[in-house]
Each structure stands twice: as structure tokens, then as C-alpha cells.
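Open the model in your viewer and keep the selection tool at hand. The stops below go from a pair of helices to a sheet and then to a helix packed on that sheet.

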Amino acid sequence: MNFSEDVFLNFHAHQAMPEDDEVVIQSLFLQDNLITSKSDKIFFTAGLHPWHADQLSKIEVVNRLEKLLESKLIIAIGETGLDKLKGPSLEIQTEILKAHVEVAEKYNLPVIVHSVKTHNEILKLNLDLKSKVPWVLHHFNGSKQMALDFIHHGFYLSLSYHINNENSRLSEYIADLPLHRIFLETDDFNIDIKSLYKITAEKYRISIEELKKQIITNLNHLVNGK
Ligand SMILES: [Zn+2]
């Protein structure tokens with residue numbers, strides 16, 4: 001898969017309405033979504049969100065993912081993950097997460113992870129499963145130590161509006177994170193991906209053009225392993 005270098009990449013959103021100079025990675029909900037639009041500005045990931053982890057069985061998750069993979073438009077598996085505040089028990093969520101990882105390993109695809117108050121559990125699962133594919137923690141807003149731990153273990157971090165929130169620690173330490181492990185995303189919040197690029201470029205003291213290039217390089221590494 002080849003990605004143009006001169007675009008603003010929105011790494012994670014569930015609704016996708018990209019402007020001319022944007023590319024969106026749209027996260028589909030496995031229990032209800034089929035790919036509707038074919039566009040060179042939208043790529044897809046698919047997964048059973050942890051909030052919905054009791055809506056499909058493990059085998060249904062595997063079957064649906066494999067069916068969707070035939071379209072060749074799916075560039076990663078997820079979002080999947082663990083959430084202590086919402087959704088069914090962590091036991092169920094963990095089983096469903098494992099099903100996603102199984103498929104990701106089989107097809108050599110990255111995993112998009114949702115984690116709320118479960119960063120240690122996610123890190124431990126990644127190690128226990130000896131996962132060989134990269135995992136991306138989306139909407140990350142943890143401590144600097146946690147961020148560096150994840151990166152040390154091969155994770156990428158996808159960051160959102162917290163980078164511009166003075167009350168968030170992330171806004172203070174973001175520029176200490178290695179840029180080759182970072183993505184930016186709106187998720188479904190009403191924010192402009194371009195404003196996130198502007199803030200990030202300022203924090204790292206680089207141009208927006210350089211940042212666009214770097215993030216597409218990151219995407220190529222993530223998806224193509226090069
Ligand atoms: Zn999401």
C-alpha cells in the first residue's frame with residue numbers, strides 16, 4: 001500500500017469526511033459495519049470495540065474479520081482493547097482482544113488498541129501473547145513514563161486533542177516522545193486534524209510539511225513494515 005506524503009493523516013475516526021488534502025483511517029464496528037465507500041482518501045480498520053465485546057462470539061469476530069480482509073481495504077485490526085469503565089467484564093473483553101490479535105498475527109496486520117485505565121494489562125497481554133505485529137494505542141493520554149514504556153515495547157501512540165489541553169500532562173511532554181512513533185487523530189471529537197498538526201509541529205519545532213512527511217513514513221512502517 002502506498003500513501004501520498006503530502007496529506008494530513010487522521011489516524012482514527014469512526015466517521016470519515018476527509019477534505020481534499022486529508023486521508024482518514026476509518027474504524028469500523030464489526031457488529032454492524034460494512035465498507036460503504038471506496039475512496040483513495042479513506043482506509044479502514046475493523047474490530048469489535050471493547051464496549052461491544054459481548055455482542056459477538058470469538059469465532060464470529062474471527063470470521064467477520066477474515067471476510068472483511070478479502071476486500072483488501074483493511075489496513076489494521078481493531079479497534080479492540082480493554083476498558084475498566086465501560087462495557088462487559090474485562091474477562092470477556094480480554095477474550096475478544098485475543099481473537100483480534102490472532103487474526104492480526106495470521107495476516108501480519110497492526111492492531112489498534114483502545115485502553116481506559118488498563119495500560120498495565122495491555123502491556124502485559126502484548127508481552128504474554130508474544131505479539132509480533134505492531135500495536136497502536138489510540139487516543140493515548142497517559143503519563144510520560146507510560147508512553148515511553150509502550151514505545152520501548154514497540155507500540156505506536158496515536159494522540160488527540162489532549163496535546164493542546166493545558167491540564168493534560170501530554171501537552172507538556174509530547175515533544176519528548178520519538179516522532180517516529182506518533183500518529184494524530186480526531187476520533188469522533190469535533191476537532192480539526194490540521195490544528196493538531198499545527199500544535200504538534202510547534203511543539204517539536206519542525207514545519208508542518210516535515211510533520212506530514214514523518215507521519216506518512218510512520219504509516220508506511222506500520223503497515224508495510226518498512
Ligand atoms: Zn474509536
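Two residues are in contact if their C-beta atoms, placed from the backbone, lie within 7 Å. This is a predicted model: local features need pLDDT of at least 70, side-chain atom pairs count only at pLDDT 80 or more, and totals for chains, interfaces and linings use all residues. Residues are numbered from 1 along each chain as its sequence is written.

Select helix α6 (residues 193-204) and helix α7 (residues 208-224). Here Y197, K198, T200 and A201 of α6 meet I208, L211 and K212 of α7. The two axes come within 9 Å and cross at roughly 105°, so α6 and α7 are roughly perpendicular (65 to 115 degrees; axes are lines fitted to C-alpha atoms, for helices over the stretch in contact, with angles from 0 to 180 degrees between N-to-C directions).

Next, show the open sheet of eight strands, which pair in parallel in the order β1-β2-β3-β4-β5-β6-β7-β8 (a pair needs at least two DSSP bridges). β1 (8-13) and β8 (182-184) stand at the edges with a single partner strand each, so one side of each has no neighbour in the sheet. From one strand to the next, the twist averages 25°. Zoom in on β1 and β2 (residues 22-29), joined by four bridges; F8 is opposite E22 in β2.

α2 packs on this sheet, touching β3, β4 and β5, and its direction makes about 160° with that of β4. Select its buried residues: Q93, I96, L97, A99, H100, V101, V103 and A104 (buried means 20 or more other C-beta atoms within 10 Å of the residue's own). Finish at N108, which follows α2 and has a positive phi, near 55°.

Definitions and conventions:
A residue is buried if 20 or more other C-beta atoms lie within 10 Å of its own, exposed if 12 or fewer, and partly exposed in between; C-beta atoms are placed from the backbone. Helices (H or I, at least four residues) and strands (E, at least two) are DSSP runs, numbered from the N terminus. Angles under 35 degrees count as roughly parallel, over 145 as roughly antiparallel, 65 to 115 as roughly perpendicular and the rest as oblique.
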